Amino acid sequence: MDDEEIALLNLQHVMEKEGYQVTAARSGAAAVRLLEQKDYDVVLTDLRMEGVDGMDVLRKSRASQPKAEVIFITGYATAESAVQALKHGAFYYIAKPFRLDEVRKVVAEALAKVALRRENDALRREVERYRDGDGIVTQDTAMQRLLDIARQIAPTDCSVLITGESGTGKELFAKYLHRHSTRCEGPYTAINCGAFSEQLLANELFGHEKGAFTGATALKKGLIETSSGGTLFLDEVTEMTPSMQVKLLRVLQEKEVLRLGGTRPVKCDVRVLAATNRDVSEAIRNGVFREDLYFRLNVVNLQIPPLAQRKGDIPLLAQHFLLKYASRMKKPVTRISGEVMALLMDYPFPGNVRELENLIERGTAMAVDDAIEVEHLPESLQKAGTLNLRRIDGRLPTLEEQEQTYIYRVLEEVKGNQTAAAQILGINRASLWRKLKAWQEAEPGK
C-alpha cells in the first residue's frame, strides 16, 4: 500500500468519525463512475491523477451533480491551478500537507452551503405551491381565509373595503377581486386619494365639461366614467375631504356621475373597491370620515394582517422577491444566507411586505456572489438585529416598542427627514406622521 492509499484511508476514517457517509475511490476514473451512479453533497479529489485527473472529476461533477461542492486536495498547489479550479466551480483548494482540522472545517462549510441551497430550493417549490396566480404568496391560515372570502365575493358586484397597515398588500387583494370577477375583461383603474388636492381629485374622478374652468379646452371623462364595465380601486379613501365624500356617496347611490361644469349626470356601471390604512371607526368618531359612506363601501371588509403577525410568510415572500429581482437584474443571486433569514424573522417589519420587498431588492442589487449576506442589508437593519434582543426592565420588548425603537433609529440616521425615513421604512409619510404624533402624545417631550 503506497502513501497515497494510506492518506485516502486516513481521510475516509476521519470523515466517517465526523458522522458523514463516505465513499472512497482509488482513481479519477472510479470517481467518475461513482458520480454516474449516486448523488453526493461533497466531492474531495486530488488534482493530479493518472488518466482521469481532478479537473475531469470537477467537470463531471458540475455536469451530472451541479449542486455538489468539489474540494481539491493536492500536493501540486500553484496559484495558476488554484485559479483554474475555482474558476471552473471548485468550492475550495487545499494544499498538501494539510491539517485535518482544516479539512474538517472546509467540508463542514461546503455541506452548510449545500444544505442552504437545498433549503432555498425547497422554499422556491413552496413559493410555487403557495403563490396565487395574482401574485399573492402566503401559507398563513388567516390570509388563506381572506383569499377564500375574496374568491367567494369576487363574482358579485358588492363594494369591498380593504383595511390594514401600509404595505400589507391591499391593492393585491383589489386586483385579485377584479381578476376573479365577472368584470375581469373590463378596465381596472386605481387612484390614491391621498395624493391629490380636492380639486385635482375631483377632476380625476368625475372629469369635466369643455369650458368648465380656465384651461378646460375639451371634454374630459373621469376615472369613474372610463372605468365603466370594470373596477375602480380607491386607495387611502379616508383621505378624501368631506365634500368629496358626499360626491362619491352620490355616485354609489345613484350609479351616475356629474362631470365638473356639467348639468346632466352620466350613468356609470363601475364596481368600487376601497382601501385605507387608518382606523376607520376612529376616523368616523373624529368626523374625518362619513359613516353613511363607510356603510356603502363596507359591504364586505377584508382586514389584511400585518407581516409581523404572519412570520411564516417571511421566508416564502423573501424567496419570491429574490426570484423576481434576480431575474429582473439578470444577477445569479439564488439564495439568502441563514444569518439574513434569522435577522428577517426577528425583525418587526413596520413597513410590512413592501419593506421586505425593498430589503430583498436592495440585497439582490448589492450581492456580489450568489447569496444575499448581512452586509448587503441597510446598516440600520443590521443594528436592529441587536436591538430586538435587548430587554426593557427585565422583559422582552413588545412589538410596538420594537417598532418605535427602529423608527426612531431610522429617523436618527436620516437626521429627522420624515420623507426619507418613510421611504426606508416602506410606508407613506402620513402613516409615519400619525405614528410619531401618537407616541409624542403618549410621551410628551419625546
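1. Let me start with Leu432: setting aside neighbours within four places in sequence, Leu432 is in contact with Ile407, Gln418, Ala421, Ala422, Leu425 and Ile427. Please keep in mind that this is a predicted model.

2. Leu432 also belongs to the largest nonpolar core, which has 37 residues. Together with Ile336, Leu344, Phe349, Leu356 and Ile360, Leu432 is among the residues that touch the most other members of that core. Two or more residues come from each of the helices H13 (313–329), H14 (338–346), H15 (352–366), H17 (399–413), H18 (418–425) and H19 (429–442). Helix H13 gives the most, with 7 residues.

3. Now for a helix pair. Helix H6 (residues 141–153) packs against helix H7 (residues 170–179) at an angle of about 35°, and their axes are 8 Å apart. The crossing of H6 past H7 is right-handed. On the H6 side, Met143, Leu146, Leu147, Ala150, Arg151 and Ile153 make the contact, while H7 brings Phe173, Tyr176 and Leu177. Sorted by class, this contact has 8 nonpolar residues, no polar ones and 1 charged residue.

4. Finally, the cysteines: how many disulfides does a search of the whole structure find? The search finds 0. Are Cys158 and Cys193 buried or exposed? Cys158 counts as buried because its relative accessible area is 18%, under the 20% cut-off. Cys193 is buried too, with a relative accessible area of 2%.

Methods:
Residues are numbered from 1 along each chain as its sequence is written. This is a predicted model: local features need pLDDT of at least 70, side-chain atom pairs count only at pLDDT 80 or more; totals for chains, interfaces and linings use all residues. Side-chain values use heavy atoms; hydrogens and water are left out. Axes are lines fitted to C-alpha atoms, for helices over the stretch in contact, and angles run from 0 to 180 degrees between N-to-C directions. Helices (H or I, at least four residues) and strands (E, at least two) are DSSP runs, numbered from the N terminus. A crossing is left-handed if the near helix is turned anticlockwise from the far one by less than a right angle, and right-handed if clockwise. Contact means heavy atoms within 4.5 Å. Ala, Val, Leu, Ile, Met, Phe, Trp, Tyr, Cys and Pro count as nonpolar, Asp, Glu, Lys and Arg as charged, and the others, Gly among them, as polar. A nonpolar core is a set of buried Ala, Val, Leu, Ile, Met, Phe, Trp, Tyr and Cys residues joined through side-chain atoms within 4.5 Å. Buried means under 20% relative accessible area, exposed over 50%, partly exposed in between (1.4 Å probe, protein chains only). A disulfide is a pair of cysteine sulfur atoms within 2.5 Å.
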